[in-house]
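Trainee: Could you take me through one part of this model closely? Please keep the terms clear as you go.

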Amino acid sequence: MAMIELRQLSKAYGAVTALSNLDLSVPEACLYGLLGPNGAGKTTTLRILATLLAPDSGSVVVDGVDALQHPREVRRLLGYVAQEVAIDKILSGRELLQLQGDLYHLKRSDRDHRIDDLIDRLGMEAWIDRRCGTYSGGMRRRLDLAAGLLHRPRLLVLDEPTVGLDIESRSAIWQLLNQLVEAGTSVLLSSHYLEEIEVLADRMAIIDAGMVIAEGTPADLKQRLGGDRVTLRVREFSDAQEAARVRSVLEPIEGVREVVINRAQGFSLNLVIEGESVIGRLRDSLEGAGLPVFALAQSRPSLDDVYLQATGRTLMDAELAIAGQRDLKQEKRQSMR
Amino acid sequence: MTSPLPPMPPPAQAPGALAELTQETLALTRRLFLQLIRRPSTLVAGVLQPLIWLILFGALFANAPEGLLPGGMSYGRFLGAGVIVFTAFSAALNAGLPVMFDREFGFLNRLLVAPLRSRSSIVLSSVIYITALSLVQSLAIMMTASLLGYGWPGAAGLVLVMVTLLLLVFAVTALSLGLAFALPGHIELIAVIFVANLPLLFASTALAPLSFMPPWLGWLAALNPLTFAIEPIRAAYSGPLDLSAVLLEAPYGNLTGETCLLILLVLTIGLFLLIRPLLNRKLS
């Protein structure tokens, strides 16, 4: 049985569509990544899962429980770590965790035992009794993760858990997430960091404009794309004319699928190639044309290539395009009760 | 390396509904008190302001001619009841502020993600907190007033004072919590509190009896809920307790102490019923 089943989920904020018939199935005891640019619908999806938001239509089933019919049961088995960490600045971290434990109706002795355990695991001893108002971003995020884990949920949902974090906090969080999945917890996290999904996720979905546009294991998705990526230069900095000449030499070669001139990288050439002997043929042809290879790098397709293939733009371009359109005030109002 | 952290299903033998409700309500109330203790400025200001009223106004009218006030009361004693009620009223009017901040800063979302037995525990904790706070502040004012020589109610009188204050505090808390969910942000809430505060004080019998007022103001004061709380407390201070005695000669008729309390009770229940649909909607 899947841990999460989302079917035909739709949600609009006024005229803005956040989700449009989104389907998602997350298996048990798996670390599942949602990749997409800001504004793609990741946060909306997670907020619906956390029962903070009702979809306009569609069904939400968590661990066999219908979240729209029995939200309280779902809240019990799910831990949610929101993107904007809401903490009480006046309380100490420990007091916040005690409050959290009481809201989940833990027994007092059990509660305090678990708090000590999490303080230990997340390396919070040094500052847990200081007021939350003094914490750095990394401390807050670790505290929030501890709060989400206190009731030992079967499913942990994290919205961009490491965005803007220092390396130490990030790796502490990654390590803990891996331990959790090993011990049988299902984890769903959203991210717009390719590396994070690449390193952590067993399975992933790419979300764009409120829909799932690709789904599978990261390795599968890259494999499905096929071909190797090659970056090639005939000089450290070429000009447009030379790059065009190189392209005209490369394009007819058998096994070269695509040649793009990358102006941003000093008119280097980005190729997609298929087959073993292509590199040799490529070097020979360029040599023959009097344009010997200066530098050549070959790599397997990355998740960025997967994203590019699925959406027709790079993740960074998508972020930039959306950055200008976001209405942060409106978003804040949506999250406010 | 630490041991793995397996998920744990909630215990099959879950504690009863009442135990859960108590646990979550107490935890939320504890948080509000921790905030108060670590940031006591609201508590201090809440006592200082009425204290200044009491001392300054008391001094201002100290030389008022004898027999000017009903029953030959001194002005200080007359003012005492008004200031006690005003203290509780101002404190309760702020009940919505912590809730509003939780809404704005997203802390409320943290509460709503938790499997609370009932979300009324959020409202209930606010009511418990603000009731305790306003009663403590009122008691502080009562003790100061007694030190200033403005008297102290007897045992039965003290019970009447507390009951009256409780009714008023519940009503005003309901109003403030309703506003905290209806208004868009804390700026608006503070503006409403600011605007409501003083006119309600002046258009009541806190500072002067009805007989001093022009008819239109007398009407306002006789409809003002603060008046219904002030008069029983003033009566509790001024002698043997008789709730069936006429305490207020309002333009629309005479009101006994019983009637005043009844009006406050109806107001409290009415306000809670009024805000219930709003709270249900916002907390669903």
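Mentor: Start at a hairpin. Strand 12 and strand 13 of chain A form it, with five residues between them. In the turn, A:Gly266 has a positive phi of about 60 degrees. Strands here are DSSP runs of E with at least two residues; helices are runs of H or I with at least four; both are numbered from the N terminus.

A word on the source. This is a predicted model: local features need pLDDT of at least 70, side-chain atom pairs count only at pLDDT 80 or more, and totals for chains, interfaces and linings use all residues. Residues are numbered from 1 along each chain as its sequence is written, and chains are lettered from A and ligands numbered from 1 in the order in which they are written.

Strand 12 covers residues 256-262 of chain A, and its pairing with strand 13 is antiparallel, over six bridges. Two strands pair if DSSP finds at least two bridges between them. Within strand 13 of chain A, A:Asn270 stands opposite A:Val260.

Now look at the other partner of this strand. Strand 11 (residues 228-233) of chain A also pairs with strand 13 (residues 268-273) of chain A. That pairing is antiparallel too, over five bridges. Here A:Val230 has A:Leu271 of strand 13 of chain A as its bridge partner. In a regular strand, side chains alternate between the two faces of the sheet.

Chain A is divided into domain 1 (4-217) and domain 2 (227-300). The bounds come from an automatic or database domain assignment. Taken over C-alpha atoms, the centres of the two domains of chain A are separated by 44 Å.

For contrast, turn to a helix pair. Helix 3 (residues 93-103) and helix 5 (residues 137-149) of chain A have axes that come within 9 Å and cross at roughly 25 degrees. Axes are lines fitted to C-alpha atoms, for helices over the stretch in contact, and angles run from 0 to 180 degrees between N-to-C directions. So helix 3 of chain A is roughly parallel to helix 5 of chain A. Angles under 35 degrees count as roughly parallel, over 145 as roughly antiparallel, 65 to 115 as roughly perpendicular and the rest as oblique.

Which residues meet there? From helix 3 of chain A come A:Gly93, A:Leu96, A:Leu97 and A:Gln100; from helix 5 of chain A come A:Leu143, A:Ala146 and A:Ala147. Contact requires C-beta atoms, placed from the backbone, within 7 Å.

Notes: Contact = placed C-beta atoms within 7 Å.
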